[in-house]
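Biologist: I am new to this structure and would like to learn how to read the space around a ligand. Could we go through it slowly, one feature at a time?

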Amino acid sequence: MAQTIVVSETTDSLASAAARKVVAIVVEAIAAKGQASIALAGGTTPGATYRKLVSGANPLLSDWSRASLFFGDERFVPLDDPVSNYRMVRENLLEQISLPLGGVHPVPTHLPSSDDAAKAYEAELRAWFEARDPDGFPSFDLVLLGMGKDGHTASLFPGASSLEEERKWVVASPPGQLPPPVDRVTLTLPVLNAAKHVLFLVCGADKADAVKAALDSDTRVSDCPAAGVRPVRGSVTWFLDLPAAAELS
Ligand code: 6PG
């Protein structure tokens, strides 16, 4: 696993640096195989990066027709709920781009339970990847992730049984310690670790301890789930602002 740390002076320059990396990965994937599969991050930090991708007269990436957008995790709420990751992505990205029908794959949070949604999303992922990749395993070209101050990433929370999952691609999860206190649906570590490129987008002094723990190879994954994101054959790039990088030597 190749690991890179990019420290930016401000959250704005972090968003610009991360957006440039996203475009480089997407353009490379499309050039290589005519498509790019992206698992988007939720929470609030990624919003600025999404806006950088599409803002201005000459957006960094103008042709999204060959991109397929998925979600690394989702809150089990209606897609127009204020805490929905889909809503955050719609407002900061989807409303500014034109995607082919079926280009974005929301988690089906209209289903009766988060378990139902996880099973349905896994079936959707399997169908999509099995139709495109010979081995059928979900190797996303790009996975975008945030990280909570408790070290969670996607909706993989400290001490959660979802961290032990080795077979399923998508699982339901009860809320973690941090808000919002709603059930979740999340990709599992085997899927995150099958990615070709993983970008972490992390800002703020309150995350400095978790960043240090996540980058420490001795950290137990149950204590800091982000430490479990170590793509077997992929790369990980951490985009940090100065406060989030404060504990790094
Ligand atoms: C979620 C997110 C989660 C997020 C972290 C950091 O659904 O909660 O996917 O993993 O990335 O909680 O969130 P902020 O970027 O808002 O700090």
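Biologist: How do the residues of the shell around the ligand divide into nonpolar, polar and charged?

Modeller: Before that, note that this is a predicted model, in which local features need pLDDT of at least 70 and side-chain atom pairs count only at pLDDT 80 or more, while totals for chains, interfaces and linings use all residues. Residues are numbered from 1 along each chain as its sequence is written, and side-chain values use heavy atoms, with hydrogens and water left out. As for classes, Ala, Val, Leu, Ile, Met, Phe, Trp, Tyr, Cys and Pro count as nonpolar, Asp, Glu, Lys and Arg as charged, and the others, Gly among them, as polar. Here the shell holds two nonpolar, nine polar and four charged residues.

Biologist: Which residues come nearest to the ligand?

Modeller: A residue is near a molecule if one of its heavy atoms lies within 4 Å of it. There are 15 residues around the ligand, and Thr44, Thr45, Asp73, Ala154 and Lys207 come nearest.

Biologist: What space does the ligand take?

Modeller: On a 1 Å grid over the protein atoms alone, a pocket is an open set of points with protein on both sides within 12 Å along at least five of seven lines, a cavity is a set where a 1.4 Å probe fits but cannot get out, and lining residues have an atom within 4 Å of a point. The ligand takes the space of the largest pocket, where about 540 Å³ of space lies. Its lining has 32 residues, with Gly42, Gly43, Thr44, Arg75 and His152 nearest the centre, and by class 13 are nonpolar, eleven polar and eight charged.

Biologist: How many cavities of 30 Å³ or more does a search of the whole structure find?

Modeller: The search finds one, and Gln3, Phe200, Ala214, Ala226, Ala227, Val229, Arg230, Val236 and Trp238 line this largest cavity. Seven of these lining residues are nonpolar, one is polar and one is charged.

Methods
Sits in = over half its atoms within 2 Å of the grid points. Points joined across faces, edges and corners; volume = space filled by probe spheres on them.
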